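Here are some friendly notes to read beside the structure. Please keep the model open and find each residue as you go.

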Amino acid sequence: MIKRMTKATSLLVAAAAIISIVPAHAADYTKIDSQEGTIYDAVAYKDGKFYVDGEVNDKDEAAYYLADGKYNNLSDIDSGADTDIYGSKYLEVQDGDYFVDLDNGSVTDESIKENAEDDAASALRKNLKKDNDKRYASSERETIQDLAGAEIAGNKFSAPWYKFEYTKDNATNGSVAKLNVYTDAQGNYIDADYNLGSIKVTTTASSTTSKTVTIANTDDSYDADGTSDATGKKSSASVDTSAGKVIGQDANYIYRTAKVTVNAANGATITKINGMDVTVDGGHTFTVSNGTLGSSASTVGFNVIQKISKAQASGNVDGAKYAKSVTTYIVSDEDGKNEAFAYDNYTVANGKIVGYTANGTNVNTATGTLSSKNGYYYVDLGDEASEDVKENGTKSAVDTDVDGKVWRLDAGYIYKWDNDEDWTKVYKVDGSFDQMSVYNQDNIVAWSKEDDVYSVIGGKGTSTPTDPTPVVNKGWVKTDAGWTFYNTDPTQVKGQWVNDGGVWYYIKADGTMATGWIQDGSTWYYLQSSGAMKTGWLNDNGTWYYLQSSGAMSTGWLNDNGTWYFLNSSGAMLANTTVDGYN
């Protein structure tokens, strides 16, 4: 239903764009004034606050904290010192000799990063020692591990999370020897190699007998063919990250690449994964090792992107805490065709994975949307864009902001990746600029050291637009009646679904965003207080409901991770009663 609406809406938008006449002066970007001065290094922060190293604002060469239009000399820091962003607000300077608090400009020689790593390692050891019941080797779980260099890559100024590998102490996760544990600074950890979410495996035990089972974790095995013979045909799965890596994180999830291997023993042959035939795409998506029907084993491997919740599940495995939810997406398109999604860098923006490789004067970029269709979870990969970018020495002028969005600088323009398939011009700057630092669209510093010129966007007393774009309603607009949404043409949306950054919203007939229960056609949906469409389980005033991945409310029998539930015609989950002979 939603996809049909999307196509219809896009046709209306395209038609409106064709018949609209845009005034010539209504530029899509803003021109920014330049200032004379030499910048060696700079870091943009929020609310018009910046770290600037150089000879600027008619001042001597030094490191400065810029806030409220004032350049404050950071006398403890040498000009030309190396810098690195750390945590939610700090700038690490001179290899950790100093830390600058970018909220207020204070400088400390306290070992903030090293102390945080030590505290996290101590908290992790304490929790693992308390929780572990022979899941990890005792020699490791009772030792304070060194977390230096173990910080997981994430968006700028995000709270640190750390990765560590423990040797397993029992039979779990196939032949993989190490188990990945991710922890925050307080030691709130998750075992990332247990929960698989839901992988449906279809096996054939004879020419006419087949069965589909759901594999939820790497610790258990599952009846594979439904027969009652003594051979005990079983399916199991393992996840291997040795050829993969953590590619990013946001506030709630960690994203990584990995390889999942599914096994069926004692004569059962694997034929489908999540409803997709394992022979699709000529073996490029699924690596199949099947003997003749009835042979001793069947194995299917496939590359995935996993979206792993940072929250702990209510249960445990051998005492250890694991992720509350994991969704495993096969690296292919919706038809099972293999996708090439290999880049030097990745970032997470609005739940989408953006991959980019910057080589000198060129940057290649593509966006992967984590999607599902008829129970098949896959990566919907957009077209790759290849564009020019300024180069300073060996460094390309490409940066990511606090929300994970990718930016580039080229030929006097600052561009933002639209999180889909194209770049958008945002600012016109001096054509000599070859370096920049981006916090978000409202806080950017760009410069050319060789040409002694720079621009600071954001804050009092910094560069100002010389021909600002006229104010036009686009996207979300807050009104007294509630939130409204405008297309880019810009027409106001009414009585339609809107997909903004991968999240679905419903705009009512009066033009305001819906919340709570809505009925569209014969189907019920639930919109959260933020307006975002809810999926999964929902507790509404003490009654449980289940919203499918499309957002549609479920009724009747429901199998969720191997457990059956019954939802009546109102969607309410039944309990302590009998349905179809089942209690």
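1. Let's start with phenylalanine 286, which is buried, with a relative accessible area of 1%. Here buried means under 20% relative accessible area, exposed over 50%, and partly exposed in between, using a 1.4 Å probe and protein chains only. Phenylalanine 286 sits in the loop between β21 (276-277) and β22 (287-290). Strands are DSSP runs of E with at least two residues, helices are runs of H or I with at least four, and both are numbered from the N terminus.

2. What is phenylalanine 286 in contact with, leaving aside its neighbours within four places in sequence? The list includes Ile273, Met276, Val300, Phe302, Ile330 and Tyr376; contact means heavy atoms within 4.5 Å. Gly301 is also one of these contacts. Phenylalanine 286 and glycine 301 are 15 residues apart in sequence, yet 5.7 Å apart in space from C-alpha to C-alpha.

3. A word on the model before going further. It is a predicted model, in which local features need pLDDT of at least 70 and side-chain atom pairs count only at pLDDT 80 or more, while totals for chains, interfaces and linings use all residues. Residues are numbered from 1 along each chain as its sequence is written, and side-chain values use heavy atoms, with hydrogens and water left out.

4. Now the whole chain. Its secondary structure comes to three helices and 48 strands. Of its 583 residues, 48% count as buried. Among contacts with a separation of 6 or more, 49% are between residues 24 or more positions apart.

5. Next, look for an open sheet of four antiparallel strands, in the order β3-β4-β5-β6. Its edge strands, β3 (38-44) and β6 (70-73), each pair on one side only. Two strands pair if DSSP finds at least two bridges between them. From one strand to the next, the twist averages 30°, with axes as lines fitted to C-alpha atoms (for helices, over the stretch in contact) and angles running from 0 to 180 degrees between N-to-C directions.

6. Follow β5 through this sheet. Strand β4 (residues 50-55) pairs with β5 in the antiparallel sense over five bridges, and glycine 54 stands opposite alanine 62 in β5. These two strands form a hairpin with six residues between them, and asparagine 57 in the turn has a positive phi of about 55°. On to β6: four bridges join β5 (residues 62-67) to this antiparallel partner. Leucine 66 stands opposite tyrosine 71, and alanine 67 opposite lysine 70. The hairpin of β5 and β6 has two residues between the strands, and aspartate 68 takes a positive phi near 55°.

7. Why is β5 described as largely enclosed by the rest of the structure? The reason is that six of its six residues are buried. In a regular strand the side chains alternate between the two faces of the sheet. For β5, Ala62, Tyr64 and Leu66 are buried on one side, and Ala63, Tyr65 and Ala67 are buried on the other.

8. Finally, visit serine 455 in strand β38 (residues 453-457). Serine 455 counts as buried, at 1% relative accessibility. A polar atom of its side chain lies 2.7 Å from the backbone oxygen of aspartate 33.

How values were computed:
Polar contact = N/O pair within 3.5 Å; in protein donor to acceptor, adjacent residues only side chain to side chain.
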